[in-house]
Amino acid sequence: MQFHHRGYVSGDPRVAPASGFGIDRPEQLPDELDVLIVGTGPAGMIAAAQLAQFPGVNTRIVEKRGGRLEVGQADGIQSRTVETFNAFGFASRIIDEAYRITQMAFWNADPENPQNIIRTSLPEDDPSGISEFPHLCVNQARVQDYFAEAAHNAPTRLTPDYGWEFVGLTVDRSPSAGEYPVEVRLRRTVGPDAGAERVVHTKYVVGCDGARSAVRAAIGRKLVGDQAMHAWGVMDVLAVTDFPDIRTKCAIQSHDGGSILLIPREGGHLFRLYVDLGEVHEGDNGAVRQTPLDEIIARANRIMHPYTVEVKSVAWHSVYEVGHRLTDKFDDVTGDAGPEVTPRVLIAGDACHTHSAKAGQGMNVSMQDGWNLSWKLGHVIEGRATPELLATYSAERQVIAKDLIEFDKQWSSLMASKPEDFPDPNYLAEFYVKTFEFPSGFMTQYQPSLITATAEHQELATGFPIGKRFKSAEVVRVSDGNPIHLGHQHRADGRWRIYVFADAAAPTKTGTPTAEIAEWLRSDPASPLAATPAGGDEDAWFDVKVVYQQDHSEIRIPDVPEVFTPRLAPFGLADWEKVYGAGTIVGRRIDIFDERGISRDGAVVVVRPDQYVSAVLPLSATDELAAFFAALAPRVAAGDLAGSVS
């Protein structure tokens, strides 16, 4: 963590200085704003935390509840999500608090005594070591608390506006539309003025208001799909039990009593049971949702025989039917609209896709929706990018949601199957291990678009597949000899990353391919860095780092081109923490070139603000690099941008 460069900091360095709309932030909702987020669920809170990093963007988030969420339904946190938490600055704290999943036990009916269950396998949760981040379980409410803290500590000091319910909206796309073309109607839900309505005007609305989304309905989108006609009871309980794997994630399949997914919770005692309630008959009309808690507990005990679960306290419980639904588009632009029409209302999370909870994906995918969208909104509103950037949100995330639903259909169907339906007793465990990369969140790969280049030069960095998230690896920081994960320095601050992996020559300011691209980045008018506003930090919009092939002890900072040691306002201090090399630390060799298949001729890897690789280029490809960012550049001056969007 870097601080003190603007003066001595004696307080919490995680609290950024207030700036922009964070200075004298009004307590009451303003009449006009840039972005209105509806709903403080996972998608809404990560969007708020990201947009709070943009001082020039006036963002508010409304919630119909009178206060914070206290009991969250979701609890599974996949490795990619923990990686995301690291970008927002709270991964280490939530890891300390959470339950960590390192293995999963599979229990089946005992062939010699089918009325009993026995453990049949205990595979590692991440057998391939796909991530340095763990797989966790922690209450959704705590996740939202951490994002709320990140938003409040950001420059705009964003906090939720509780007690406001979304009623409806209208979008004025006429040529005469003003700067705030979306009219939103809100209703007060708490306090002495409960029931009162008011209107606000905004540039964009982000609907994160759940499966029954009123924002989705307002733009005419519908969730389309089917019910699996299978019901599950879910409960978070404190219980006395003789089941030996009560603190291990388990998939339990009895001979004839159904299935259970057991998830230990944080805190050492609480655990969650997803209890199979069986097929739902035609004409049930939701009656299964009235299944008494006592019946769910009794069924759990039948499934887990000969073990018993004596429930002492129930923190939360519910009954749900598995459903898989998806909207055809995640924004308000109709299919017959021309390319000049860009979104004004966008939806995320459960508002646009629903599925079962057993794959542990709902909260995780929703947060990736929110992050994908929010940095794009920030760039468009602050004049960093053309409004056409917003069209990539629906194009990218709708495909991911469709893939998730297909995976969840398969997994939830397997969980509801009887053991005799499988080819062999270990089929479910083998499926879990074989498909681990998908639920971990690392299968996402965006296709070529405005912000994702083609794979023409992929061979220069095979370990950084274009369109997939930047898979971190260790490097050695030259300034202090510390081994660090390169990707862990990527914070959710809205900046693009340009990683220059140097050619084999020793560091110098002239005469090498690395030196030449460094000089181009620093001084050429076609360089993307030329758009950085003057008078602030030189790396305010682009974080440019260099990794040399030499041992870190052989690299001298004075020999490194200036673009890799940018000056920071207001004192012009040089940032020495962007220069890296290889090294041997405590007998362990660190070389990212070998570990990630990077060409010894060097390469440029461009990474977007949400950590996905956008391009891999040769060091000499300055024209291609310039063209990539030129396509994103706004077509009009930043001050006129909002009024120009259709």
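Visitor: Which residues of β13 are buried on one side, and which on the other?
Guide: K249, A251 and Q253 lie on one side, C250 and I252 on the other, and all are buried. Buried means under 20% relative accessible area, with over 50% called exposed and partly exposed in between (1.4 Å probe, protein chains only). In a regular strand, side chains alternate between the two faces of the sheet.

Visitor: What am I looking at, and how are things numbered?
Guide: This is a predicted model, where local features need pLDDT of at least 70, side-chain atom pairs count only at pLDDT 80 or more, and totals for chains, interfaces and linings use all residues. Residues are numbered from 1 along each chain as its sequence is written, and side-chain values use heavy atoms, leaving out hydrogens and water. Helices (H or I, at least four residues) and strands (E, at least two) are DSSP runs, numbered from the N terminus.

Visitor: Back to β13. Which strands are joined to it?
Guide: Strand β5 (residues 104–110) runs parallel to β13, with 4 bridges. Strand β14 (residues 259–264) runs antiparallel to β13, also with 4 bridges. Two strands pair if DSSP finds at least two bridges between them.

Visitor: What stands opposite what?
Guide: A105 stands opposite C250 in β13. A251 stands opposite L261 in β14.

Visitor: And the turn between β13 and β14: how many residues?
Guide: The hairpin has 5 residues between its strands. G258 in that turn has a positive phi of about 100°.

Visitor: New topic. What is the strand order in the open sheet of 3 strands?
Guide: The order is β3-β7-β4, with antiparallel pairing. β3 (76–77) and β4 (99–101) are the edges; each has a single partner strand, so one side of each lacks a neighbour in the sheet.

Visitor: Helix α7: why call it largely enclosed?
Guide: Because 19 of its 20 residues are buried. Just after α7, G383 takes a positive phi of about 85°.

Visitor: Where does pLDDT stay under 50?
Guide: Over residues 636–646, for which the model has 22 contacts beyond four places in sequence. Contact means heavy atoms within 4.5 Å. pLDDT is the predictor's confidence in each residue, from 0 to 100. Where pLDDT is low, the predicted coordinates should not be read in detail. The chain mean is 92, and 94% of residues reach 70 or more.
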